[in-house]
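Please prepare a short briefing on the structure shown below.

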Amino acid sequence: MSATQSDVLVVGGGVIGLSVALALAEAGRHVRILEAGRVGGGSSHGNCGTITPSHAPPLSAPGVPLKALRWMLTPDAPLYVKPRFDPVLWSWLVRLAARANPRDWHASALAKGALLNDSRARLEAWIARYGIDAEFVESGLDYVYRDAAAFEHGQREIPLLRELGIQAQAIDAATYQAQEPALKPGIAGALHFPGDAMLRPDRYVAGLAHTAAARGVDIRAQCAMQAVRRDGAHWRVDTPDGPFTAGELVLATGAWSRLEAGALGLSWLRRAVQPGKGYSITYDAPALAPRRPLVLRERSVCVTAWASGFRLGSTMEFSGFDASLNARRLAALERGAAEYLHVPTGPAVRERWYGWRPMCVDDVPILGPVPRRDGLWLATGHGMMGMGMSAGTGQLLADLMTGRAPAIDPAPYSPARFTRG
């Protein structure tokens, strides 16, 4: 690999871009990553670190749009849409709501489940093979309910999950209360997913970057893409460090991919992906923490306890790229946790964080070659599942780019589904 030329340029140094680069490097390609900010500084940093095949069912399920309408104008609700004139966003929301039917819901669940299952196994194998110290634990994960009707409704997804190869177990309130002393009395029950896992996301991404660099990947931080064009048989990307060229270009910039769509002539990408803002608070470990990661279902709060800390996270806010840290939404995480946990926060706050997830209109990532754009590949649209889908995404892209048969069918993720007609 020369100082300016490589086989592949990967734009984006989060968990997706790093996973693609590592898989390509293992396949013998010379890879360079261009990251506009800090490597792993976006959604890869502050998420809850849960690896969740259990989350295969898509967001837009039958009945969800009406519930979302009740929430979306309440600033501290789990889903919030900031009032503003944004025709592209409102068109996207209408299209998302239109998918809340059994056929589309099932199709998206199948696609998400295949990638999540593949990635769950592959990520664990990568951690072992590369010796990444990320506090990985095969912990399982629990959905906890305080409302009996919601608990009963949640159990209706168990047959679909089993169809996807995802084990789920309903646990009654008394049994679960005995298993989890961190919870206050008054729960209705829980769903336990034994195949889920957890890790410390910032440590995993740091380990992934170190591993990729050790295998020859040139990682350029603070190196934003300023312009891009096809130059003969190569892609040329202009940056503050000068131009870089490669035969193939992978766009793995998460929510920011929609902003780069115009430069690449991909107007459809701007309509397909919206930035969904999420929040988290990280604390020192409390005296009494849950034994497994929890999702507090009625409040949509995720709780993760590692040996090194404790995090509350989640929420979904559609406010464009508003860069303010919304104290009201952070407080909602703590209020929600306080309804369920004896000790809802740690003794000291380490970090209050927000980041943008790339929310795709069909809740399925966009992975593969771009039609009629030689050498251009996409790896975006992972929504809230970027960490859990990362290893599978990296291997899928590397297999497609090197002509090997992928482990899963790539068709459901293809960019072509947005360009037909």
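The points below describe the model by topic. This is a predicted model, in which local features need pLDDT of at least 70 and side-chain atom pairs count only at pLDDT 80 or more, while totals for chains, interfaces and linings use all residues. Residues are numbered from 1 along each chain as its sequence is written, and side-chain values use heavy atoms, with hydrogens and water left out.

**Overall form**

- The protein chain contains twelve helices and 19 strands, where helices (H or I, at least four residues) and strands (E, at least two) are DSSP runs numbered from the N terminus.
- Along the principal axes, the C-alpha atoms fill a box of roughly 65 × 45 × 40 Å.
- Among contacts with a separation of 6 or more, 76% join residues 24 or more positions apart; contact means heavy atoms within 4.5 Å.

**Surface and charge**

- Of the 421 residues, 56% count as buried (buried is under 20% relative accessible area, exposed over 50%, partly exposed in between, with a 1.4 Å probe and protein chains only).
- The accessible surface of the protein chain is about 16300 Å², and carbon and sulfur atoms make up 54% of that surface; areas come from the Shrake-Rupley method with a 1.4 Å probe.
- There are 45 positive and 38 negative side chains, and the centres of the two sets are 4 Å apart. Lys and Arg count as positive and Asp and Glu as negative, without His and the chain ends; the charge is placed at NZ of Lys, CZ of Arg, CG of Asp or CD of Glu.

**Nonpolar cores**

- The largest nonpolar core has 64 residues, and Val 10 and Tyr 204 have the most contacts inside it. Such a core is a set of buried Ala, Val, Leu, Ile, Met, Phe, Trp, Tyr and Cys residues joined through side-chain atoms within 4.5 Å.
- A second, separate core of 36 residues includes Met 72, Val 81, Leu 89 and Trp 268.
- Beyond its neighbours within four places in sequence, Val 10 contacts residues including Gly 17, Val 31, Ile 33, Val 250 and Ala 252.

**Positive phi outside glycine**

- Gln 222, in the loop between β9 (218-220) and β10 (227-231), has phi near 55° and is exposed at 53% relative accessible area.
- Arg 372, in the loop between β18 (366-369) and β19 (376-380), has phi of about 65° and is exposed at 66% relative accessibility.
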